[in-house]
Amino acid sequence: MRKHLPRTQSWTRLVAAVAAAWLAGPLTSLHAALPTVVTKDKVAAREGILVGGSRFTLDGGGYTGQAGDYAIDFGMGTGPVHVTDGSFLNTATAANEMSFALWIKKYDNSASSAFWAFSPSSSGTQRGWQAHIPWSNEQIYFDTAGCCDGATQRINAHINTFWLYTGDITWWTTQWHLFVFSKKGDTKRIWIDGELFLEGINTGVLPTDITQLFIGAQGVGTSLMRGLIDDFAVFGTELSQATIQQIFSGTKPTALPASAKLMAYWDFNDVPAGGQFVSLSPAPNAATAAPNLVRVVHINGSIAWDLNNVGLKLDGVAVTPTLTRVDQTVTLSYVPSPLLAPQSKHMATLTYPGAAGPQTVEWEFTVGPYTQDRVASRVGVFTGGSGYTGAGGGRTGQSGDYAVDFGMGTGPVHVGDGTFLNQATAKDEMTFALWVKKADIASSSAFWARSPSSSGGGRGWQAHIPTSDGRIYFDTAGCCDAGTQRIFYNIIDFPPYTGDLTWWTSQWHLFVFTKKADVKRIWIDGLLFYEGYNTGILPTDMTELFIGAESLTAGLYHGLIDDFAVFSTALSETSIVALYNGTAPTTLPATDQLLAYWDFNDIPPGGLFLSFTPAPDTTSGVPNLVRVVHLQGTEPWDLDKVSLKIDGAAVTASATRDASRVTVNHVPSPIFAPLSKHTATLTYPLPGGALADRSWSFTVGNYSKDLLNQRIGLLMGPSVYTADGGGRSGQPGDYGIDLGRNNARQGVRVLDASFLNAATANNELALAAWQKLYQVADSSLFWVTSPTTGSGGRAFQGHTPWSNSQLYFDTGGCCDAATQRINAHINTFPRYSGAASWWQTWHHIVFQKQGDLKQIWIDGELFLEGFSSNLLPTDITEMWFGYNPADNGGLRGIIDDAAAFKTALSPANIASLAAGTMPNALPASAGLMAYWSFNDPTVVVGPKLMAVRSGNNVTVTSDPQPMAAGFVLQTAPAVTGPWTTQAGANTPLTVPIGTEQAVFLRAVKP
């Protein structure tokens, strides 16, 4: 349990003092290799932190184009400028009047937010004040006090209704435009380039609990804008047209009359003197780094980089990099020779000149498993858990033939340098050939060659084989125009297709995609499947290639891929038939111009580690299992030489072989304590017989155990136990799980929910829980996962409700009304008050299915009944309370008393639960299978912090003092974090009171 100072006026003064004097230097995050870059507003020096790779433009990159004018470049969605303390906005919102003004220049019109002021009381993911400029549908949206009611919260219109809009994307990409958003009372207006674009009435009053402001995004990693923003200003009034036209004509916000009530103004001209980092490659803490490149990209500040003042070490050994300079941008590159070994861990150390002398940046990374093509040894890194099949798992089935196993959407093979493709595209001619064997028919991409100039998310060359509608799509030079970019056809129209899923899942099929000028063709198993015409010319700016996905995380393919080949010609029928008959791409005629060929047969002799449980460095490790899964190479392990230690002590572990995989298991007894830290060490044989050790550390997550069989429910993300009495009864000893107010992958995860299959085998199951929401948002109260069920493994799930106030109950997939889904709006429930506060009290929810009959119960009353004919799956693997893994939707609120029953509950039993009866007090006939009361919190007694002011000093003391071993002091710019550990700091601590912005302080045992 964390102990904090009481939040009083002296607290604010204390944390300001701590910020002023702590260690006489800047605070550095333990998780960031690079120095934090900030920009300060011109009114009160409020800091905006550049997050995720956003950076200042080069000199002259601001909206004026003049020397000394800079802007923020968000690239293709790198991250926002984060103003951690946005509470200053509440001065204006208290009067229900405010204006935001900003200059914007975009790279494209993807779905994004230009700014987002977070308000915990506002719906629509705390949407206090937000704008899409525009959304991907070219609508400009302006939301206040939540989203998305047209009468109270939102005004919007299509950009083509603006009389100065040209209708061409270059209007956005080649010109700067001034946007102003204002609200005064009920009246809201949007201005573009000094002209009124839209006016509307929203009666929702502006919230006065704004906490944070994001410029260029919804949050740290969502709705990221692609483009530039400059001169971002906030006013405490509704700006007049005359004032707006002054800004458009070049008047700076600081030069406007005081009556404009300028509150904040970031001109983004405060570029760091030491320059700024653009990127580190591999990324710090990367788990699937490429083995063939270490690179730093930096924009020079007042001191120019050269090889005389910049140095690079790898694992402590100096290496010789190359340095190139283009204008102010410097790229430092080192190509390891030989390539770094798969799954090896490394430390890179960069020394460079800073404004105050030499500086050092260190970062760690782990090389991912990788494969090399047979033409030019181009590297493809396995990401997300994808890997080789076992021996004989390739399309021939012969010993020594491997393929890539993407499982049910683990991640692609990433070819980081896809520029070789431009050799072919420069002639507007290319072929991709690959063998596929699918696990299901899910929405996914088999390959995606990214081209920044192409629409559709950089869709230079892409195919769905097929997507979930059964159609095979082939996109080039963008998406999705039928005349210039896309051809498609339904697999059902291919004569050899059987119409059965096993055609995909039990057989290998060769797919070939060709383009030569306007003619595009799709071939299957040596036969022409479809021919069409697209006039769009292939792009020549290909940058990277994803095999088995759209990106590292999207459009993930389910199944196997083998023998992936690229040619710089459109293959003839003769060559395609030869490939289908078993000819290797490398033995086709030279005139076919093979560019690249991955046969995926280059598995290392020592094999590869597939997984570690708990994962290395996790803070939410399971307490009841340590497991290693290893894919054997050409020299299998001698299992008698495999052993395991935990925290230096040998433990009993089983090592079993299943085909090409070895699994090492240890079940701790007793199970690990919540929040405990451990190090596991596996000893295993290398090729040749020598022994090696593989160690990894992890922290066990907090967890709750069910009262029947002690099944573990892990608290994920920011989920915590409530205070005593915070459960639904409010009585001492009753706790709940507080999932928080933000979407941060929170929830309770039951990693082994296979026990539910005993119920689903009878096509019957009931789940019940109490919930109390902070706000209605996209989320799920229950989510049960089945790998063979579509829609993210949606075996049994309930939105309670979704953000549109509909309660949805899905089983056996989603979202067919006859077979999978029942739903209704909450306003059809007689007890619903119609007010948001209704959700902010406790309500009991039951979802149950018996045969085809499905029901949703609220507070003991039947809310909805319907029929879904799909059977419940019997391969359930895991279950979540309070989280929707398919849509990354975390419930914002508190849950309690979650239970699973093997039968549909009777109305009497449901009424008993809603009246307060515990699930384990129901009759045995109710079929209780598991019950988490959440009344088993882990209590960590922390030090009590105290502060005493004497003159201009504040002294922080603790009880006990100094703090006990393991406890540290942490600071943060806001209560919500991010929290930074102050190395070596302990109590007592005396600091002078300064004038800096407040910093929050806590004692915690990480």
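This report describes the disulfides of the structure shown above.

The structure is a predicted model, in which local features need pLDDT of at least 70 and side-chain atom pairs count only at pLDDT 80 or more, while totals for chains, interfaces and linings use all residues. Residues are numbered from 1 along each chain as its sequence is written, and side-chain values use heavy atoms, with hydrogens and water left out.

A disulfide is a covalent bond between the sulfur atoms of two cysteines. Here the term is applied to a pair of cysteine sulfur atoms within 2.5 Å. By this rule the model holds 3 disulfides. Counted along the protein chain, the bonded cysteines pair in the pattern 1-2, 3-4, 5-6.

| Disulfide | S to S distance |
|---|---|
| C147 to C148 | 1.4 Å |
| C479 to C480 | 1.4 Å |
| C814 to C815 | 1.4 Å |

C147 is buried at 12% relative accessible area, whereas C148 is partly exposed at 42%.

The link of C479 and C480 is right-handed, with 80° about the S-S bond. Of its two cysteines, C479 is buried at 14% relative accessibility, and C480 is partly exposed at 41%.

For C814 and C815, the S-S torsion is about 85°, and the disulfide is therefore right-handed. C814 has a relative accessible area of 15% and is buried, while C815, at 42%, is partly exposed.

Definitions and conventions
Buried means under 20% relative accessible area, exposed over 50%, partly exposed in between (1.4 Å probe, protein chains only).
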